[in-house]
Amino acid sequence: MSETATLFQQAVKLLQELISIPSFSKEEDKTADTIQEFMKGHGITMHRKLNNLWAWNKHFDPAKPTILLNSHHDTVKPNSGYTRDPYDAKIEDGKLYGLGSNDAGGCLVSLIATFLYFYNKEDLKYNFCLATTAEEEISGINGLELIIPELGQLDFGIVGEPTLMQLAIAERGLMVLDCTAHGKAGHAAREEGENAIYNALADIEWFMSFRFPKESEVFGPIKMSVTIINAGSQHNVVPASCVFTVDVRVTDAYRNEEVLEIIRQHVKCDVKPRSIRLKPSSIDKEHPIVQVGIALGRTTYGSPTTSDQSLLDIQSIKVGPGDSARSHTADEFVYVDEIREGIELYVKMLEQLVF
């Protein structure tokens, strides 16, 4: 049996074990324990901070660049549509069922297998850093972001999310803005007060019509959507404030801080971002890892969904077994053959870079 075939069998068994353990965001301690024990069985001691684990290859050389292999082991809660036990990791008709099987269990165990494939090899051109992390599903502060300072200098990253093993070479960032337009209260029957709703309308019109000068080659323009609005307390009082929420999907043409500054220059309302952490990310289409993937028959695209890519300040590519359309669905599954393909493709892509 080939090395990748053995690793594939071990990866499927590990995923079945992980599925059987509830691992909601912030409650991933048991799956972290399981991954730690699995790696210990391969002679690898994982570093740990809360529910995040990481390790480097055996022959790590600080003079060489390092490739990050990252995926997450937390899950959302099962939705009400499940007809199966979400923790019963059965394989039927080539499908491995269970909560987190597709998002992102198949990716996680495939990247673990890939790391094991390269772990003992000498004279590599790159080091490897494996990080299996928590709180991805809630963009939490105690996930990948918590341990990035511990991982050292990284050259580029592979983030494991279900992409049908196609290459997501860019990912939109996200900012949620809470905006407050001000006015002055008064009686609606008299000519008094200043209506905050009317003041908000001018800014809302700007959010609807403004087009940022720079546009992404992958995504096109930044998209801004006003999604919530709230003002007034009773019919006969002119409201003194109007609060509205704007969903901003930032492209790789800008940094979040730049977009926020441009918005504040153009609107009169107070603009408060809930966070600027979820950054847009991208990797040059000419980057060797992308070119290798293309040569292996993969296509490139821009991902509209956010992942832990948004927390990285390095070039990264999002690629993994499974289908994003299955994520968070009832009776979630990943095809067993997708895991096999994932391991084989990760290994083939990386072999052409590190040997």
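**Note on cavities, a pocket and helix packing**

1. The largest cavity has a volume of about 120 Å³. A cavity here is a set of points, on a 1 Å grid over the protein atoms alone, where a 1.4 Å probe fits but cannot get out. Grid points are joined across faces, edges and corners, and a volume is the space filled by probe spheres set on the points. Three cavities of 30 Å³ or more are found in the structure.

2. Please keep the basis in mind: this is a predicted model, in which local features need pLDDT of at least 70, side-chain atom pairs count only at pLDDT 80 or more, and totals for chains, interfaces and linings use all residues. Residues are numbered from 1 along each chain as its sequence is written, and side-chain values use heavy atoms, with hydrogens and water left out.

3. Which residues line the largest cavity closest to its centre? They are Leu18, Ser23, His73, Thr75 and Gly100, out of 18 lining residues. Lining residues have an atom within 4 Å of a point. Helix H1 (3–19) and helix H3 (101–119) each supply at least two residues of this lining. The largest share, four residues, comes from H3. Helices (H or I, at least four residues) and strands (E, at least two) are DSSP runs, numbered from the N terminus.

4. By class, the lining of the largest cavity has nine nonpolar, seven polar and two charged residues. Ala, Val, Leu, Ile, Met, Phe, Trp, Tyr, Cys and Pro count as nonpolar; Asp, Glu, Lys and Arg count as charged; the others, Gly among them, are polar.

5. Now the largest pocket. Its volume is about 340 Å³. A pocket is an open set of points with protein on both sides within 12 Å along at least five of seven lines. The largest pocket has 21 lining residues, and Asp103, Glu136, Glu161, Thr305 and Thr306 lie nearest its centre. This lining has five nonpolar, 10 polar and six charged residues.

6. Asp103 also deserves a look for its backbone. The peptide bond from Asp103 to Ala104 is cis, with omega near -5 degrees. Ala104 is found in helix H3.

7. How do helices H2 (residues 29–41) and H3 cross? Their axes come within 12 Å, at roughly 25 degrees. Axes are lines fitted to C-alpha atoms, for helices over the stretch in contact, and angles run from 0 to 180 degrees between N-to-C directions. H2 is therefore roughly parallel to H3 (angles under 35 degrees count as roughly parallel, over 145 as roughly antiparallel, 65 to 115 as roughly perpendicular and the rest as oblique). Ile35, Phe38 and Met39 in H2 meet Leu108, Ile112, Phe115 and Leu116 in H3, where contact means heavy atoms within 4.5 Å. The contact has seven nonpolar residues, no polar and no charged.

8. Thr4, Leu7, Phe8, Ala11, Val12 and Leu15 in H1 meet Val336, Ile339, Arg340, Ile343 and Val347 in H8. By class, this contact has nine nonpolar, one polar and one charged residues.

9. Pro288, Ile289, Val292 and Gly293 of H7 make the contact with Lys348, Met349, Leu350, Gln352 and Leu353 of H8.
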